[in-house]
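Work through the exercises below with the structure open. Try each task before reading its solution.

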Amino acid sequence: MKFGTLGLVGTVVAALALPAAAQTPHTTPSKSSATLASPSPTTGSSSARSTLVDINSASAADLDALPGVGKTRAAAIIKGRPYKGKDDLVNRKILPSNVYNGIKDKIIAKQG
């Protein structure tokens with residue numbers, strides 16, 4: 001059995017029918033494959049920021065939509081404005097810590 005220029009490893013890779021990129025050994029990825037493999041750093045962070053609910057300006061409906069908040073707690077959040085930080089919701093006893101822990105990654109307290 002003749003293995004050719006790729007040797008035994010190349011034959012095994014070819015037998016497994018891996019994509020051509022996997023068959024060619026690289027020490028560093030090409031620019032185009034690196035671009036495809038990793039998402040843009042601004043894509044993830046900007047979309048996450050745009051989905052945050054600002055507790056200092058959100059409507060009652062937006063606050064009510066947060067898990068565990070509801071209409072009564074949304075009204076209490078609005079009544080307690082302004083907030084210096086989102087943890088003021090627990091510090092001022094507007095939300096219990098279990099509800100706050102469920103929404104803390106979905107809210108922000110913008111100043112201004």
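**Exercise 1.** Is Asn 56 buried or exposed?

*Solution.* Start with the area. Asn 56 has a relative accessible area of 18%. Next, apply the cut-offs: buried means under 20% relative accessible area, exposed over 50%, and partly exposed in between, with a 1.4 Å probe and protein chains only. Asn 56 is therefore buried.

A note on the model before going on. This is a predicted model, where local features need pLDDT of at least 70, side-chain atom pairs count only at pLDDT 80 or more, and totals for chains, interfaces and linings use all residues. Residues are numbered from 1 along each chain as its sequence is written, and side-chain values use heavy atoms, leaving out hydrogens and water.

**Exercise 2.** Where is Ala 109 found, and which residues is it in contact with?

*Solution.* Go to the segment after strand 2 (107-108); Ala 109 is found there. Ala 109 is buried, at 14% relative accessible area. Leave aside neighbours within four places in sequence. The contacts of Ala 109 are then Asp 54, Ile 55, Asn 56, Tyr 83, Lys 84, Gly 85 and Lys 86. Now check a C-alpha separation: Ala 109 and Ser 57 are 52 residues apart along the chain, with 8.5 Å between their C-alpha atoms.

**Exercise 3.** Which polar partners does the side chain of Asp 54 have?

*Solution.* Begin in strand 1, where Asp 54 lies. Its side chain makes a polar contact with the side chain of Ser 57, at 2.9 Å. A polar contact is a pair of N or O atoms within 3.5 Å; within protein, one must be able to donate a hydrogen and the other to accept it, and residues adjacent in sequence count only if both atoms are side-chain atoms. Next, turn to Lys 110. Its backbone nitrogen lies 3.1 Å from a polar atom of the Asp 54 side chain.

**Exercise 4.** How many helices and strands does the chain have, and in what pattern?

*Solution.* Count first: there are 8 helices and 2 strands. Then read along the sequence: α-α-α-α-β-α-α-α-α-β. Finally, take burial: 22% of the 112 residues count as buried.

Terms used:
Helix = DSSP H or I, 4+ residues; strand = E, 2+ residues; numbered from the N terminus. Contact = heavy atoms within 4.5 Å.
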